[in-house]
Amino acid sequence: MGSFLASNQMAVTQLAIKYCDQLVESNSLRPVFFSDFDFTQAASSAFADQDRKLIFNPLLKRILGQNLNDQPESTAVETELNALLDRLSDCPQGKVCDANYTKTVVKALCAATLGSAAVTLQ
């Protein structure tokens, strides 16, 4: 890790963003990965408490993995994702929070998970 530079992290981040963009934009991949989540809703209503799990669970199980020797606690990661989601889905007057923005929020949550140190170090 001593030779891991900021440019390496930027490359990881760019790959994570591209991967998550393709995942969310794909009409065949999106419903398989995020089954039962309604991407047609506006961001201001799409992320009700019960619907958050439909995004968080696949990210935690499929990206972070399970039962690895060194990994953050799932609850800690979920807490951070929840805080990020709260900030991103805050839709004050004048901000466009339509269904396209819902996809953008999910892409950001995916990229934050995929580009995290928990994944990079594993």
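Trainee: Is the crossing of H4 and H6 left-handed or right-handed?

Mentor: A crossing is left-handed if the near helix is turned anticlockwise from the far one by less than a right angle, and right-handed if clockwise. H4 and H6 cross in the right-handed sense. Please note that this is a predicted model, in which local features need pLDDT of at least 70 and side-chain atom pairs count only at pLDDT 80 or more, while totals for chains, interfaces and linings use all residues. Residues are numbered from 1 along each chain as its sequence is written, and side-chain values use heavy atoms, without hydrogens and water.

Trainee: At what angle do helix H4 and helix H6 pack, and how far apart are their axes?

Mentor: Two packed helices are described by the angle between their axes and the distance between the axes. Helix H4 covers residues 49-64 and helix H6 residues 99-114; they pack at about 30 degrees, with axes 10 Å apart. H4 is therefore roughly parallel to H6 (angles under 35 degrees count as roughly parallel, over 145 as roughly antiparallel, 65 to 115 as roughly perpendicular and the rest as oblique). Helices here are DSSP runs of H or I with at least four residues.

Trainee: Which residues make this contact of H4 with H6?

Mentor: H4 contributes Ile 55, Phe 56, Leu 59, Ile 63 and Leu 64, and H6 contributes Val 106, Leu 109, Cys 110, Thr 113 and Leu 114, where contact means heavy atoms within 4.5 Å. By class, nine of these residues are nonpolar, one is polar and none is charged.

Trainee: How does H4 pack with helix H5?

Mentor: H5 comprises residues 74-88; its angle with H4 is about 135 degrees and the axes are 11 Å apart. H4 and H5 are therefore oblique to each other, and their crossing is right-handed. On the H4 side, Arg 52, Lys 53, Phe 56, Leu 59, Leu 60 and Leu 64 take part, and they meet Ser 74, Val 77, Glu 78, Leu 81, Asn 82, Leu 85 and Asp 86 of H5. That contact holds seven nonpolar, two polar and four charged residues.

Trainee: How many disulfides are there?

Mentor: A disulfide is a pair of cysteine sulfur atoms within 2.5 Å. The count by this rule is two. One joins Cys 20 to Cys 110, with S to S 2.0 Å, and its -70 degrees about the S-S bond make it left-handed. This pair links distant parts of the chain, 90 residues apart: Cys 20 is in helix H1 (residues 6-25) and Cys 110 in H6. Cys 20 is buried at 0% relative accessible area, and Cys 110 is buried at 0% as well (buried means under 20%, exposed over 50%, partly exposed in between, with a 1.4 Å probe and protein chains only).

Trainee: Which cysteines form the other link, and what is the pairing?

Mentor: Cys 91 is joined to Cys 97, with S to S 2.1 Å; at -105 degrees about the S-S bond, this link is left-handed. Cys 91 is partly exposed at 25%, whereas Cys 97 is buried at 8%. With the bonded cysteines numbered in sequence order, the pairing is 1-4, 2-3.

Trainee: What should I note about phi of Asp 36?

Mentor: Most residues other than glycine have a negative phi. Asp 36, which is not glycine, has a positive phi near 75 degrees. Asp 36 lies in the loop between helix H2 (30-33) and helix H3 (43-46), and is exposed at 71% relative accessibility.

Terms used: Axes are lines fitted to C-alpha atoms, for helices over the stretch in contact, and angles run from 0 to 180 degrees between N-to-C directions. Helices (H or I, at least four residues) and strands (E, at least two) are DSSP runs, numbered from the N terminus. Ala, Val, Leu, Ile, Met, Phe, Trp, Tyr, Cys and Pro count as nonpolar, Asp, Glu, Lys and Arg as charged, and the others, Gly among them, as polar.
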